[in-house]
Amino acid sequence: MMRQTVLLTLQDIPYFCYPESVGHYTEHPQHSVLREIGALGNFNIHYVASGKGYVEEDGVVHELRAGQAVLYFPQQRQHYYSSEDDPWDVRWLHFYGDRLHDYMIERGLHRNRLWTLRQRDSWEEAHLALLAEAEENRMLRPAQLSTLTYAVLAEFIQHAVPLKSMRTGNPEGRILALLPRMQQEACQPFLLQDWADLAGVSTYYFCKLFKSAVEMTPMEFITRSRLQMAKQWLLERPTANIGQIAEEAGYPNASYFNRQFMAHEGMTPTEYRGLYHN
């Protein structure tokens, strides 16, 4: 099965990014692409939802499985293809923009070509929304196309880590693999030793690896996760007591919760709630 929409390439677009094509291949074991250097002038992401495929880079063939992706910059040589015995379900996006090159380099995306997405669902949903818009309206709503393209890119930037870092033998990979669970259990008491044990390292090494992989300390990550949950509850439960939300979010009392919330959000929980509930 193939779903594909190719759009007109615009000149001097008034948008930060814009799609050239977006699509989805499945059950197509013959899918194979070879582009020589300079053949393609846009960025593209090819993401594997299931099955497997291969990417050839500098004479080395790399296998891609579910949740993994290849990102190409403009003008790069591209050679990728589906497995014949386990054809990939691959979703792709070709996109461009005058300021994209510097934006991508500033975020270090030029340093690696192969990636793993720590959280797959949000990227797949963003890609599906863009594909549906392109299929239904083509270029009738260009601002919407640009917005949805940026959503796909933003999800990629937020959740993609270099594939080599996610290999099980790599300690940083074990740290990154724990992040979804740490976020889910953030409101429970944080016991550093338990998480270090799960990663198979000492507490000191866990903190060092965590800082290197996530660019924040474990406690900073837990704090952000707790505050994210608390903000959600403040809006979803407008009559709930602040102290109750503080306790459920993992804070010992409302006073400490208020200080943490103020430090990160620049306002109290009550003031934040008031922005949305008057």
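Glutamate 155 touches Ser122, Trp123 and Ala126, leaving aside residues up to four places away in sequence. This glutamate lies in helix 3. In sequence, glutamate 155 and histidine 127 are 28 residues apart, while their C-alpha atoms are 9.5 Å apart in space. The model discussed here is predicted.

**Helix 4 and its two partners**

Helix 4 packs against helix 6, and their axes come within 9 Å and cross at roughly 80 degrees. Angles from 65 to 115 degrees count as roughly perpendicular. Helix 4 is therefore roughly perpendicular to helix 6. On the helix 4 side, the residues that meet helix 6 are Pro171, Glu172, Ile175, Leu176, Leu178, Leu179 and Met182. On the helix 6 side, the residues are Tyr205, Phe206, Leu209, Phe210, Ser212, Ala213 and Val214. By class, this contact of helix 4 with helix 6 holds twelve nonpolar residues, one polar and one charged.

Helix 4 also packs with helix 7, at an angle of about 45 degrees and with the axes 9 Å apart. The two helices are therefore oblique to each other. Their crossing is right-handed. Leu179, Met182 and Gln183 of helix 4 make this contact with Phe221, Ile222, Ser225 and Gln228 of helix 7. The contact of helix 4 with helix 7 has four nonpolar and three polar residues, and no charged ones.

**Helix 7 and helix 10**

Helix 7 covers residues 218–236 and helix 10 covers residues 269–276; their axes come within 9 Å and cross at roughly 50 degrees. That angle makes helix 7 oblique to helix 10. Helix 7 passes helix 10 in a right-handed crossing. Helix 7 brings Lys231, Leu234 and Leu235 to the contact, and helix 10 brings Pro269, Tyr272, Arg273 and Tyr276. These residues divide into five nonpolar, two charged and no polar.

| Helix 4 with helix 6 | twelve nonpolar residues | one polar residue | one charged residue |

**The largest pocket**

The largest pocket holds about 980 Å³ of space. Its lining is made of 29 residues, and those nearest the centre of the pocket are Arg118, Ile157, Gln158, Ala213 and Val214. Elements that give two or more residues to this lining are helix 3 (142–159), strand 11 (160–162), helix 4 (171–184), helix 6 (203–214) and helix 7.

Which helix gives the most to the lining of the largest pocket? Helix 4 does, with five residues. By class, the lining divides into 13 nonpolar, ten polar and six charged residues.

Key:
Residues are numbered from 1 along each chain as its sequence is written. This is a predicted model: local features need pLDDT of at least 70, side-chain atom pairs count only at pLDDT 80 or more; totals for chains, interfaces and linings use all residues. Side-chain values use heavy atoms; hydrogens and water are left out. Axes are lines fitted to C-alpha atoms, for helices over the stretch in contact, and angles run from 0 to 180 degrees between N-to-C directions. Helices (H or I, at least four residues) and strands (E, at least two) are DSSP runs, numbered from the N terminus. Angles under 35 degrees count as roughly parallel, over 145 as roughly antiparallel, 65 to 115 as roughly perpendicular and the rest as oblique. A crossing is left-handed if the near helix is turned anticlockwise from the far one by less than a right angle, and right-handed if clockwise. Contact means heavy atoms within 4.5 Å. Ala, Val, Leu, Ile, Met, Phe, Trp, Tyr, Cys and Pro count as nonpolar, Asp, Glu, Lys and Arg as charged, and the others, Gly among them, as polar. On a 1 Å grid over the protein atoms alone, a cavity is a set of points where a 1.4 Å probe fits but cannot get out, and a pocket is an open set with protein on both sides within 12 Å along at least five of seven lines; lining residues have an atom within 4 Å of a point. Grid points are joined across faces, edges and corners, and a volume is the space filled by probe spheres set on the points.
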